[in-house]
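Thanks for coming, everyone; I would like to walk you through one structure this morning, going from a few individual residues out to the domains. Please have the sequence and the model open while I talk.

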Amino acid sequence: MFQEESFFHPAAFPGMVMDRVRVAGAGLAGLFAALRLAEGGRSVEIVDVKNRIAPSSGPHSEALRDYVGTEALAELRRYGFDLEPFGTIETTVRKSARYENVLRGRAYHLFLRGRDPNTVDQELYRRCLEAGVKFTFGSRWNPGEPIDIAAAGPPSGEFNILGAGFTFSSDGSNLEKHTAFALLDNDVAPGGYLVVTPGIEYHSIYSVSWGELDYDRLLRMTEAGAARPWVREILGSSRRLGRIYGRAFYAPDPIARAEINGVRYIGEAGGFQDAIAGFGFRYAILTGSLAAKSILEGISYHDLLQATFREEFAIASGIREKLNRFTNEDLDRLVESMGPSMSVDQYRHHRAARFL
Ligand SMILES: Cc1cc2nc3c(=O)[nH]c(=O)nc-3n(C[C@H](O)[C@H](O)[C@H](O)COP(=O)(O)OP(=O)(O)OC[C@H]3O[C@@H](n4cnc5c(N)ncnc54)[C@H](O)[C@@H]3O)c2cc1C
């Protein structure tokens, strides 16, 4: 890949305006960085090891978290992301083994990921093509090869979060379109949670785990979760559709490793992921936007990251260490402390907001 240019790397010539910007990885982060660069007038080439645009995790609904501090969608808008979510979550049911809390109010915006035309992936791809981005599929970038932006997802062998589950038809299911469920129970998602999120034609159920990183074992746990009566009620007579499989990677201090030999690492390639809950959508967009800005304006990517995120990763890593030690009794106490019901406004001031 890029062999014809392997003798030259623009990072070796500080201050020089790079000609074509090269991006490795056409996931959320790479696509968004490429789009921002092309819209900023740069010529962009993006390579992906796959033969088409498709998230590694398979089609699923993805939630943009909206209740801890910032209004998440408004924040993404400030970074140039203007795609519309297909829905919102207004009721979030949090369960532990013995307790339940219902969070009332807008907590998440929903986006579809996958190969369908209405997914974020395909919409960004379409816009990139319109803006003139050149795609090369079926081409692998190897670390060390000249590149400007590395967006190839979790470095091989370095994932530390795993998702396992399946999509099911909305036909026959009893999931209400503005309601999501999360179960905090180490028996079904060690160190994480089992989640049920609505889509349009299909919904998603999967366990996200920090403690069980073997896919088959985690899937068996998800299946055990899906056999619980309240989940069976949600599934109703729906049909099981696709597989959800995903590896994710968070680094305790991703800013420290974000720029190496002139290569800017974005999204999960740089470990930009939410250590607490695995919400990486925001980080993929923000780091993609910041890397593009640093190239377009000739300013330091590292400084932009520092100014944007400050202590956020250190705080999240500390909380993650605590969560890794939580027993089911601790999770029970956490959910019990929220009471049976609470508004999003009340939740912002509750200690559980740091954990869930
Ligand atoms: C099951 C699941 C559910 C999720 N749910 C949510 C959610 O609800 N909310 C949320 O905020 N986040 C969620 N996330 C996290 C979020 O999807 C990710 O953080 C985000 O998509 C990461 O984007 P990325 O571009 O960094 O990496 P990826 O999406 O992994 O993209 C990397 C791209 O690089 C390509 N590639 C890999 N290696 C190479 C190579 N050597 N050369 C060239 N190309 C390469 C891949 O084919 C891929 O296209 C979820 C993740 C999973 C797996």
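This is a predicted model: local features need pLDDT of at least 70, side-chain atom pairs count only at pLDDT 80 or more; totals for chains, interfaces and linings use all residues.

Let me start at N261, which sits in the loop between β13 (259-260) and β14 (263-265), where helices (H or I, at least four residues) and strands (E, at least two) are DSSP runs numbered from the N terminus. Residues are numbered from 1 along each chain as its sequence is written. N261 is not a glycine, and yet its phi is positive, at about 50 degrees. Most residues other than glycine have a negative phi. N261 counts as exposed because it has 10 C-beta neighbours inside 10 Å; the cut-offs are 20 or more other C-beta atoms within 10 Å for buried, 12 or fewer for exposed, and partly exposed in between, with C-beta atoms placed from the backbone.

R310 also has a positive phi without being a glycine, with a value near 45 degrees. R310 lies in the loop between α7 and α8, and with 11 other C-beta atoms within 10 Å it is exposed.

Which residues of α8 are buried? They are F313, R320 and L323, and they cover an arc of only 80 degrees around the axis, which puts them on the same side of α8; the arc is that of the directions from the helix axis to the C-beta atoms. The face turned away from that buried side carries the exposed residues E321, K322 and R325. What covers the buried residues of α8 includes α7 (301-309).

Turning to α3 (120-130), the buried residues here are V120, D121, L124, Y125 and C128. Seen down the axis of α3, these buried residues fall within an arc of 130 degrees, so they line one face of the helix. R126 and E130, on the other side of α3, are exposed. The buried residues of α3 pack against α1 and β5 (100-113), and just after α3 comes G132, with a positive phi of about 95 degrees.

How is the protein divided into domains? The assignment gives domain 1 (3-9 + 18-57 + 114-157 + 250-318) and domain 2 (60-111 + 161-247 + 327-354), with bounds that come from an automatic or database domain assignment. Their centres, taken over C-alpha atoms, are separated by 26 Å, and 15 residues of domain 1 are in contact with 18 residues of domain 2. On the domain 1 side of that boundary, α1, α3 and α6 each supply at least two residues, and α6 gives the most, with five residues.

Finally, the ligand: 38 residues surround it, and the closest are G27, G153, G246, G267 and G280, where a residue is near a molecule if its C-beta atom, placed from the backbone, lies within 6 Å of it. Elements that each supply at least two residues of this shell include α1 (28-39), β12 (240-248) and α6 (281-297), while the largest share, four residues, comes from β3.

Methods. Two residues are in contact if their C-beta atoms, placed from the backbone, lie within 7 Å.
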